[in-house]
Amino acid sequence: MFSVATASPYAFRVTLEASDVDDDVALAQRIIGCAPERRDAAAEAELCRRLGPRIRLYGIKHLRSEAAAADLMQDVLILLLDKLREGAVREPSQVVSFVLGTARQTVIDWRRSGARRTRLLEKFPIDLLPSESSDDGPEPIDAQRLRGCLGALPERERAVLVMTFYDDRPADAVAAELGLSAGNVRVIRHRGLERLRGCMAAEEGAA
Amino acid sequence: MTRAKCSDLQTQELTEYWLGELDEAHEQRIDEHLFACAACSARLGALVDLGAAIRRTFVEGWLSIVLPEQFLRRIIDAGFQVREYHLPAGGSVNCTITPDDDFVVSYLRAPLQGVKRLDVLIDDTTSGKHRATDVAFDPAAGGLVTMTSTAYVKSLKQSQQRVRLVAVDGVEERVVADYTFNHYPS
């Protein structure tokens, strides 16, 4: 069950990883506690910084577009802040469920209507929204090191990784082009990724 | 609702999720877990970044690689400029590359029916001898499509590259075909 005061179409509940979610809940409580007299801008910014990358990844996965994923991230975070400030989210512990439900429904709506955005930006400053590349994200991949590691892979693994990630193709599609089984491609792909990671880590350690 | 535990979401499952290989219910469980678990979300983000970096490395022409012809067709259809050379078994060709070329590919015709493992031996007057073992190929395709690193070819002065296809069966090796590329800078 969703924890928004208004009727919700999202009839599910996310089971939370406690260690990660406690901070999200605490931030939501701070925002609710301040509303409506004043804003806790620091809590709002931190909540957006934490949840933004997850929404963006969900958007890329389901919309296959960086631009659409950025739009989704903005729209969901703006709606979340709106609901928190209004006190419409009764249970702060359900903030992650609210975010996933909103993201899921927004993707469905966009697919159904062809429209991508329902803007609320006029009501909110956009400086709260995290950039597409999070500041505290992983180190950028060293392109030169990656070239060396890809070049050192066995031929089949290099071919399968390129064919897979050139346009994010599933194993059965790659297998059809190579004359292999999908299961075989999954095994080669997994080995290739593990070997590539190992090479990148070893090179990093040696640097 | 079944809870997707953090320890369950290893690279293989995240890869299958990302590439749309899971059924809808399984995919939804992972969606939910990813929203609640920063560690798994970060791990997926790293996988996505690595995939994008592989794509970028390939598109920028840094890789020499054997690929199926259908895949090459998709690259051409996507608008990349591909310089192609077609060689029969035993053939040779004078070749070059221009600044506008995104990729250089060679179609090496060869009888591959019955071949279990195929190695490619390269003898290059610039970079020396190399052996690519167990390349991916379709025996029914009647040949092999090889792509040479565009970055490497663009750096070449006049040079020659001899390519030999070798069928391997256990400890036995059999020469399938030889090809010669005489490269001249554009």
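**Figure 1. The interface between chain A and chain B.** Between them, chain A and chain B of this predicted model bury about 5100 Å², with 64% of that area on carbon and sulfur atoms; buried area here is the accessible area (1.4 Å probe) that two parts lose on being put together, summed over both. On the chain A side 51 residues are in contact with 58 residues of chain B, where contact means heavy atoms within 4.5 Å. There are 15 residue pairs in polar contact between the two chains, both residues being at pLDDT 80 or more. A polar contact is a pair of N or O atoms within 3.5 Å; within protein, one must be able to donate a hydrogen and the other to accept it, and residues adjacent in sequence count only if both atoms are side-chain atoms. Helix 6 of chain A gives the most to the side that touches chain B, with 10 residues. That side of chain A divides into 28 nonpolar, 4 polar and 19 charged residues; Ala, Val, Leu, Ile, Met, Phe, Trp, Tyr, Cys and Pro count as nonpolar, Asp, Glu, Lys and Arg as charged, and the others, Gly among them, as polar.

As for conventions, residues are numbered from 1 along each chain as its sequence is written, while chains are lettered from A and ligands numbered from 1 in the order in which they are written. Local features need pLDDT of at least 70, side-chain atom pairs count only at pLDDT 80 or more, totals for chains, interfaces and linings use all residues, and side-chain values use heavy atoms, with hydrogens and water left out.

Figure 2. Helices (H or I, at least four residues) and strands (E, at least two) are DSSP runs, numbered from the N terminus. B:Glu21 is buried at 19% relative accessibility, whereas A:Arg186 is partly exposed at 25%; buried means under 20% relative accessible area, exposed over 50%, partly exposed in between (1.4 Å probe, protein chains only). The count between chain A and chain B is 9 salt bridges, each a side-chain nitrogen of Lys or Arg within 4 Å of a carboxyl oxygen of Asp or Glu.

**Figure 3. Helix 3 of chain A and its ends.** Helix 3 (residues 66-86) has 21 residues and reaches 30 Å from its first C-alpha to its last, close to the 30 Å expected at 1.5 Å a residue; the expected span is 1.5 Å times one less than the number of residues. Of its 21 residues, 16 are buried. A:Ser65 caps the N-terminal end, with a side-chain oxygen 3.4 Å from the backbone nitrogen of A:Ala67. A:Gly87, with a positive phi near 80°, follows the helix. A:Glu66 is partly exposed at 39% relative accessibility, and its side chain makes a polar contact with that of A:Arg56 (3.1 Å).

**Figure 4. A buried aspartate in a chain B loop.** B:Asp101 sits in the loop between strand 3 (92-95) and strand 4 (103-109) of chain B. Its relative accessible area is 2%, so B:Asp101 is buried. The side chain of B:Asp101 reaches the backbone nitrogen of B:Thr98 at 2.8 Å.
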